[in-house]
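Biologist: Could you take me through this structure, beginning with the ligand site?

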Amino acid sequence: MLYRLKDAGYQAHLVGGGVRDLLLGREPKDFDVATDATPEQVKAVFRNSRLIGRRFRLAHVRFGREIIEVATFRSGQPVTHLDHQTDNGMILRDNVYGTIEEDALRRDFTVNALYYNVRDFSVVDYAGGMQDLQAGLLRLMGDPETRYREDPVRMLRAARFAAKLGFRIEPATEAPIGELAGLLGDVPAARLFEEVLKLFMAGHAVGSFESLRQHGLFGQLFPDTEQALATQEHEFPHTLVLKGLENADARIAAGKPVTPAFLFAVLLWEPVRLRWLALQADGLAPYAALQAATGDILERQLARVSIPRRFSTPMREIWGLQSRFSHTKGKRPQRLAAHPRFRAAYDFLLLRASAGEADPGLAQWWTDFQDSGQAPVQSERSEEAPRKRRRRRRRRKPKGGGTE
Ligand code: ATP
Ligand code: MG
């Protein structure tokens, strides 16, 4: 692609994570190309391309199963017009074409602003990215506070690259994060969903979680979970999240799939569980209480980070089935095992048990049940719920929508 562009008379550079990861000896996740050709000119060079993007126009060029993004050099500068920037300094549009130097300086971290030039096989470095790459440092270009205000997602990117690359965040880049974390509230929930996937589904979920928490960012994405973790009386919420994320990382390392439904089920379980217990203490039956708890927590969560229905529906099923594992008599186990979401829900029960939150004996019962295809004969399980519930005298007022 780079040669095709060059031969058509344009500048053509590989840029961003592709260059960074290759220099680090890692396999790039995707490749981005930067050029002085306009999107229309790119389209004319590649038949297998189409123009996309509302925020800024890009060409997507298809190569077999790969899609390579080709962007025209842009300048991050002309944000003087009111409609380009919000009161908080957030950039809404930055699709003004520019030179390669301008294109470099509007990027986020110095290590993300290296350009591989196919014309002479050089790496062009306008911002000291090579040195930072060697030192393992994430350094924002320009004034960090201004850059975070322009786009608060850069705070999440700092945490993510720190986890992914094992880099340190350079002190001046790190310093404003604590104070500015709240700006993430201005970022559309759909964009945060995309970022959450990149944070937790790329093989470094544990590192992302720790980096986000360390910088006060996790609570911006999952406020109810952060509160549950911060005020925990038992170890298991933290253990459950950590073990769930460790599982996800191990699966990705082994080339196995991870579903966003299971990931969100892990990340939001503790607030759901607490609400579930509270509603049962109010007298709701377990299943009804769980449904109501799920509704409450999701309503608040979705205002922060959207979860498309194709993931939230199976997530709710994984949770919903948790209340049915305690029924081990009669035909009910067979019926539960036939549920299309049984396997994921069982995996989730195992995770809860391994974190010490659900009864390990119950998890074992279901393991034996599946191995033998029938209820274990020696079972003396009652129809009781897996854990002793703490009865609460005072009922908690439901926050948000009424659910009774
Ligand atoms: P990876 O693909 O491994 O997650 P990446 O660095 O390639 O990492 P992308 O999101 O693919 O990240 O973005 C490609 C490049 O675009 C980045 O390297 C950076 O130069 C620039 N970029 C992306 N997002 C931003 C942002 N929010 N602010 C400034 N520059 C950005
Ligand atoms: Mg990339």
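Modeller: A polar contact is a pair of N or O atoms within 3.5 Å; within protein, one must be able to donate a hydrogen and the other to accept it, and residues adjacent in sequence count only if both atoms are side-chain atoms. This is a predicted model, in which local features need pLDDT of at least 70, side-chain atom pairs count only at pLDDT 80 or more, and totals for chains, interfaces and linings use all residues. Residues are numbered from 1 along each chain as written, chains are lettered from A and ligands numbered from 1 in written order, and side-chain values use heavy atoms, without hydrogens and water.

Biologist: How far is the polar side-chain atom of Lys-29 from an oxygen atom of ligand 1?

Modeller: The distance is 2.9 Å. For Arg-160 the corresponding distance to a ligand oxygen is 2.8 Å, and for an N or O atom in the side chain of Arg-157 it is 3.0 Å.

Biologist: Which element gives the most to the shell around ligand 1?

Modeller: Helix H7, with five residues; helices here are DSSP runs (H or I, at least four residues), strands (E, at least two), numbered from the N terminus.

Biologist: What is the make-up of that shell around ligand 1, by nonpolar, polar and charged residues?

Modeller: It has one nonpolar, three polar and 14 charged residues. Asp, Glu, Lys and Arg count as charged, Ala, Val, Leu, Ile, Met, Phe, Trp, Tyr, Cys and Pro as nonpolar, and the others, Gly among them, as polar.

Biologist: Changing topic, which residues of H10 meet H15?

Modeller: Phe-193, Val-196, Leu-197 and Phe-200 do, against Pro-260, Leu-263, Phe-264 and Leu-267 in H15, where contact means heavy atoms within 4.5 Å. The residues of this contact are eight nonpolar, no polar and no charged.
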